[in-house]
Amino acid sequence: MSPVAHRLAAARVAATVALVALGATLVTCRGDRAAPAAVPPVPVPATRTQGAPLAAAPPLEVRELRCEARRDPLGIGESLPRLTWQVRPADDGDPRDRAITATELRAAATRERLWTDAADLWHGALPTADADACLWPGPPLASRAEVHWQVRVRDEAGRWSDWSAPARFTVGLLAESDWSADWIGAPGADRPERDLAPWLRTTIDLPAAPIAARAFVASFGWHELWINGAPVGDDLLAPSGSDLARRVRVIERECTAALRPGRNVIGLWLGAGWARHAAAAAASHPLACAEFDLLFADGQRLRLRTDERWEAATSDRTARGSFEIGDYGGERVDAARSRLPWCDPAVAGSADDPIDWQPARRFAGALAPDVARIPEPCEPNRRIAELAPRAIDAAGPAAWRIDFGRCFTGVVRAALRGEPGATLTLSMSDRTGIAEVAGQSSELVLDARGEGTFEHRFSYVAGRWLTVTGTSSAPRTDDVRAWAVRTGFDRTSEFACGDPQLQAIHDIACATFECLALGGVPVDCPHRERLGYGGDAHATLGTALPHYEATAFFAGWLDEWRAAQAADGDLPFTVPVPGGGGGPAWSGIVVTLPFELWRRSGDRRHLDRAWPSIERWLAWLDRHVDDGVLEPPASSRFAPLDQAFLGDWLPPGSVPAPMPPSEPTRLFNSCYRLGAMRTAAAIAAARGDAESATRLAEHAARDGAALHARFFREPQRRYPGRRDTPFLMARHAGLGTPELRAELHAEWLDRVAADPQPTGGIHGTWRTVTELLDAGRPDLLVRLAQRREPPGYGSFLAQGLTTFPEDWDARLSLIHACWLSIGVLGPEALLGVRPAAGSDPAAVGFRRFTLAPAVASDVPWARGRVATPHGPVAVDWRRADGGTVALDVVVPLGTQAELLLPATAAGDWSAAPGARAAIDHAFDAAGRRWRAILTAGRHSLVGTPPR
């Protein structure tokens, strides 16, 4: 017997003993080969066991190369970045019995060196474990490094794949010592007017066009880079959000094609943006510093930088509003000035230049922002969708209401007409009958011809209806456009189903998240507050992580949490801009989020980087615990006391209001703390820190016993508070004996089955969704989503909403994160694809995953593709007459799925007729489920699930 076969046999014996001990019945499906009694979750062996001859197998292909979870990123902040790729059979062939036996990576400073096989940065084999991910294998990369790289793999037959298409990344400026540029801004007093959006420029004569040119721009506020009369790149509202009291983010751009021999004008257009917010204590006006690296064909290099030789002028716009909660405002645009050639080399410095330029102000010493400059960690904002008006209707005298058909977050461009010199107002709303919400108002001053074009540059709006007032001329449909804008990460999963309401809920969840993801920060609402609430993010993850490659987006936000932590371990409730209330379930995102990123990506750096912050925060909480009960702090540096100990936010029937400490809020926050400790124990174990894992688990058990003794009402057999949330939080904390937890859990499932309706707020709903999926009851989650009466997701559809509101009654913001937990409905409930339970390092990153589709629901069919680091998992199931379900699954190469299907008997499921292989399985009579381990490949089953 070979070593592999010996290990498989031993594992099967162990699995059989374990299943018998659980009272399970073992059954073998017969097919074209004999099947063992059970198949344990073991790694896929690198041997071929059955199927077509090896010669017929298509070659492997390497695709989807990413650096730091991004495609071809410029200016990363890592000297040893993580590289990932996917390996699939060519032409999307069947991955069954395929294996990667070796991996090779090569990298060079230019693409030409890759093509000539002269990789000068790295060329060599990777360890066997690095089949589709590795940290940069060469020496640490320096600032400004440029890397082009490729990967190839060897298959089970010893055949090498072709080299992948080349990918590229560059390293940003990693240290403050890398900078020589000055901070510059508009001239004026020591603290210039904060509403300015100045033009800055410099002129340079070049002997030849550079063969490579890159710009590094840091700005206090937002900026656009222009060269020779045109913007460079397609990003908007750059850079992404950071705590401007501490640091600013740096954007690197490729600008080779924009430069030419002779005279060139390089411009920076600044807008204050978040620099106008009170939290940005370092300055209150737009500033920038920039460096430009140019390389010429003869090997000469030129470095430009911002300094006092730049010049400044007033642009066509100023900011409106206070840029505080409820009044983020917009822009006032002077149409006559919009056409001025501020960055045109043909007029720059000539007598024909119509602009009055002055020397730019150099800010140094006490006037310069004392902030760190850090490379941008995520994708820039980009236009995702163009929206044409669905209708333009009169809204009163000289007023016009433009309906874009759905709520969006983004920018508007409108060419308008009216009386010469007239001031038109453009207001945005997410509600019918209200012209403006949250101070979203801009102005356009028409030119002498009575014409002008308004376009957002340094502000944005959120809503559905744009109202233009001040003109009797109706806007023309072709002259008005809006663009939905968000951080430019990829949408990676697909989903469709045969229930129109569930499909609409899924689509609205994704649309809502996209409205909340501008600027590298997952916000609560995009118009009124625009704050990165940690509590709301617990719900946001349900939509974000299964549907998008948003790893860099969330990792960058987590870095802002770490930067914002106080020396004593205390954490705010919103990041990067402080200003909102919360409690432990808000700050605790520093525990939940890195754990989820690790489980889904397999990148342990998320845990290692989060660990110091987690330890300090848990220690800070410990100082406020009395006999297991977390008490509110005596004071809070981040919010008023009645807003610093919030519990479950906005359950049905409630209104937004401060929450004075009460028994239900003490229970809620104490349970959240213990749940966070249990997650932290799992993180410690995954990091190999057994001592911390044991200490945290024992600590949580001790405090859990005290908490249960205080709060559990034995006669009523419940914890205090609104219906389900107290039980769900107690279960999250591990309160009570295992027997009691199991009994209460069964009662809760019966209650949900009898009356499937939402009963919680943000966290109660988050825990409801999680518990139903963990319990293997996606059918109940489907029923909850199918509810049409309020409170319920179906009631949102009945009101014609295109995004989720803040409250179950839809009285508050109509674009909000509160109910995004339901975003798992498509990929994780109906398709059933979830990361493996637990925290086994060998299973994370979807090396192993659970596949439990909701085939027992009344949905007629569902299909889609769920992205994993190793390729998509494809699921397609449909119900025929008589209740028979056909299920087709594709498991990616190098992964393994635990298939769990509802069943009442061993014969309820089997391999479909004509399938390539038998499916080894076990029937768990007590759990009423059919379990099989699916290795990589295409699998087809048929069965009759109980209904």
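A nonpolar core here is a set of buried Ala, Val, Leu, Ile, Met, Phe, Trp, Tyr and Cys residues joined through side-chain atoms within 4.5 Å, where buried means under 20% relative accessible area (1.4 Å probe, protein chains only). The model is predicted, so local features need pLDDT of at least 70 and side-chain atom pairs count only at pLDDT 80 or more, while totals for chains, interfaces and linings use all residues. Residues are numbered from 1 along each chain as its sequence is written, and side-chain values use heavy atoms, leaving out hydrogens and water.

**First stop: the cores.** Select Trp-183, Phe-554, Trp-617, Phe-804, Leu-825 and Leu-830, the residues with the most contacts inside the largest nonpolar core, which has 192 residues. Now colour helix H10 (residues 663–686), which gives the most to this core, with 13 residues; helices (H or I, at least four residues) and strands (E, at least two) are DSSP runs, numbered from the N terminus. Another core, of 24 residues, lies apart from it and includes Ala-215 and Val-232.

**Next: Glu-252.** Look in strand E14 (residues 247–254). Glu-252 is buried, with a relative accessible area of 7%. Its side chain makes polar contacts with those of Thr-170, at 2.8 Å, and Arg-214, at 2.6 Å. (A polar contact is a pair of N or O atoms within 3.5 Å; within protein, one must be able to donate a hydrogen and the other to accept it, and residues adjacent in sequence count only if both atoms are side-chain atoms.)

Select residues 461–469: eight of the nine are buried, so the strand is largely enclosed by the rest of the structure. Show Thr-409 beside its bridge partner in E30, Ala-462, then Thr-425 beside Thr-469.

Technical notes:
Buried < 20%, exposed > 50% of the residue type's maximum accessible area, 1.4 Å probe, protein only. Pairing = 2+ DSSP bridges.
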